[in-house]
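Visitor: Good morning. Could you please show me the structure and take me through it?

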Amino acid sequence: MNVVPSGLYAQTLSRFRSVSVMRFRCDSRVTGMHQEASLSYVRAGSLGYKAGRRQFNLVPGSILIGRPGVEYTCSHGHKQVGECLSFRFASDIFDRLNETSGAWPIGGVPPLAELMVIGELALAAAEGANDLGLDEVGVILAARLTDVVRSHKAELPTATPSDRKRAVEAAYWIDANSENEINLDTAANVAGLSNFHFLRVFSRALGVTPHQYLVRCRLRRAARLLAEDKKHISDIAHEVGFGDLSNFVRTFHRAAGVSPREFRRAAQRARTQRDELLRIFL
C-alpha cells in the first residue's frame, strides 16, 4: 500500500501487481518511513535526503533509493521544487532484487550515465512519447541499478552543508548551460572558488566531477530527444553540446550499452515487441 507523507504531491500513473509508478512533487520538508522498496528518478530540482545517519544531495539525474522500514527526511533549498518519477516494488520483486544485488542499498545514487538514460526512457514513457510499459521500464531500471551497486562499492566522501550548497548551485548552472563549452576554470569562476577547491567540493558533495556531471547532463537530454523526437542523431548531438558526432556515439554507447540509433528504436518500439526491449537493456 502506498503511503504519501504530508508535503508530497503525488499522481499515480500506473499500478500493477508488482510495480506502482507515481509522479511526485515536493516543495517542503518531508519526513516518513519507506513502506516499499522504491527507486525515484530526480527529473528537476534538488533534494537533501537523509536516511539513517547518511546524508545525500540529489540533483537531476540522481536516483533516490528507498528501503522498506527505513526512516527518512527530504528537504529542498534554493526555492526549488523537487520532481521525481518513482517506481515502487512489491515485496516479491524486492526480495529478488535484494538477492541479486547482495543488498538493496539505502540513500541515493549520483547522476550516473548508465542509469540516467533509463530514467529518461521512463520519463518519455510516462509522458506518452512512446508505447513502452512503465512496469517494464521500472524493472529495467532496477536491474541496471543492481549492476551499478555491485560495481560501485565506495561510499561518497562527506561534505559540509556549505559545500553541499555550493555544489548544488554549481550543478544547476552546469545543467542550465550544458549545451555550451564548459571547463573547470569556467565552472570554478562561477562558483567563486579556486579550481582545486571547486573540484574537491563538487566531487565530495555530488559523487561525480564537474565534467562528469556536464557530460551526463548532455546524455540525459540526448536520451530524452532520442525517445521523443524524430530529429537526426547528428542534430541531437550538436544540440545537447557534443561537437563531434563520433564522440557522442561512443559516449552514449558506453553509458547505455547500445548505440543512439538502437536506443531510439527500442524507445519508440511498440509494447508487443517487449522481448526485444528486454534483450537490449537487460
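Guide: Rings of Phe, Tyr and Trp (its six-membered ring) pair if their centres lie within 6.5 Å; planes under 30 degrees apart count as stacked, over 60 as edge-to-face and the rest as tilted. Please note that this is a predicted model, in which local features need pLDDT of at least 70, side-chain atom pairs count only at pLDDT 80 or more, and totals for chains, interfaces and linings use all residues. Residues are numbered from 1 along each chain as its sequence is written, and side-chain values use heavy atoms, with hydrogens and water left out.

Visitor: How many aromatic pairs does the structure hold?

Guide: There are 7 aromatic pairs. In one of them, the ring centres of Tyr-49 and Phe-56 are 6.3 Å apart and the planes are at 40°, so this pair is tilted.

Visitor: Is Tyr-49 buried or exposed?

Guide: Tyr-49 is buried, with a relative accessible area of 0%. Buried means under 20% relative accessible area, exposed over 50%, and partly exposed in between (1.4 Å probe, protein chains only). Phe-56 is buried as well, at 4%.

Visitor: And what about the rings of Phe-198 and Phe-202?

Guide: Their centres are 5.7 Å apart and their planes at 55°, so Phe-198 and Phe-202 are also a tilted pair. Both belong to helix H6 (residues 195-206), where they are 4 residues apart, about one turn of the helix. Helices (H or I, at least four residues) and strands (E, at least two) are DSSP runs, numbered from the N terminus. An α-helix has 3.6 residues a turn, so residues three or four places apart point the same way.

Visitor: Which residues make the contact between H5 and H6?

Guide: The axes of helix H5 (residues 184-191) and H6 come within 9 Å and cross at roughly 85°. Axes are lines fitted to C-alpha atoms, for helices over the stretch in contact, and angles run from 0 to 180 degrees between N-to-C directions. H5 and H6 are therefore roughly perpendicular to each other; angles under 35 degrees count as roughly parallel, over 145 as roughly antiparallel, 65 to 115 as roughly perpendicular and the rest as oblique. On the H5 side, the contact (heavy atoms within 4.5 Å) involves Leu-184, Asp-185, Ala-187, Ala-188 and Ala-191, and on the H6 side Asn-195, Phe-198 and Leu-199.

Visitor: New topic: how many residues has the largest nonpolar core?

Guide: The largest nonpolar core has 54 residues, and those with the most contacts inside it are Leu-39, Phe-248 and Phe-252. A nonpolar core is a set of buried Ala, Val, Leu, Ile, Met, Phe, Trp, Tyr and Cys residues joined through side-chain atoms within 4.5 Å. H2 supplies the largest share of this core, 11 residues.

Visitor: How many residues of H2 are buried?

Guide: In helix H2 (residues 113-126), 13 of the 14 residues are buried. Glu-120 lies in H2 and is buried, with a relative accessible area of 4%. Leaving aside neighbours within four places in sequence, Glu-120 is in contact with Tyr-41, Arg-220, Ala-223 and Arg-224.

Visitor: Lastly, where is Gly-66 found?

Guide: Gly-66 is in strand S7 (residues 63-66) and is buried, with a relative accessible area of 0%. Gly-66 and Leu-39 are 27 residues apart in sequence and 6.4 Å apart in space, C-alpha to C-alpha.

Definitions and conventions: The expected span of a helix is 1.5 Å times one less than its number of residues.
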